[in-house]
Amino acid sequence: MKKFYDSLCEKNKRRYAAIESEKLSHGGVNYISALLECDPKTIRQGKKELTELELDITGIRQPGGG
C-alpha cells in the first residue's frame, strides 16, 4: 500500500488516502495518516475533493456518433 501511495502524484495521494480511510471505521484517518506517513489534513482535503468531484455521465463520444 505504501509503495503504491508513494508512486502517485499529490492529488491522487490525497484521494487514495481518503478512500482507504473511509474503509475503516472510527479512527481511520489517524491510522491511514500514520501508515502512509501523511498529515491527517491531507486526508481530510482528499475527502473534500472526492465529495466535490463531479462524475461525467455524458461520456466521451458525441451524440449520434454511431
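In this predicted model, helix H2 (residues 10-23) packs against H3 at about 130°, and the two axes sit 8 Å apart. Helices here are DSSP runs of H or I with at least four residues, numbered from the N terminus. Axes are lines fitted to C-alpha atoms over the stretch in contact, with angles between N-to-C directions running from 0 to 180 degrees. The angle therefore makes H2 oblique to H3; under 35 degrees would count as roughly parallel, over 145 as roughly antiparallel, and 65 to 115 as roughly perpendicular, with the rest oblique. H2 passes H3 in a right-handed crossing (the near helix is turned clockwise from the far one by less than a right angle). On the H2 side, Ala-17, Glu-20 and Ser-21 make the contact, meeting Gly-28, Val-29, Ile-32 and Leu-36 of H3; contact means heavy atoms within 4.5 Å.

Next comes the other side of the story. H3 (residues 28-36) also packs with helix H4 (residues 40-52), this time at about 120° with axes 9 Å apart. That angle makes H3 oblique to H4. The crossing of H3 past H4 is right-handed. Val-29, Asn-30, Ile-32 and Ser-33 of H3 touch Pro-40, Ile-43, Arg-44 and Lys-47 of H4.

As for numbering and cut-offs, residues count from 1 along each chain as its sequence is written. Local features need pLDDT of at least 70 and side-chain atom pairs count only at pLDDT 80 or more, while totals for chains, interfaces and linings use all residues, and side-chain values use heavy atoms, leaving out hydrogens and water.

Methods: Helices (H or I, at least four residues) and strands (E, at least two) are DSSP runs, numbered from the N terminus.
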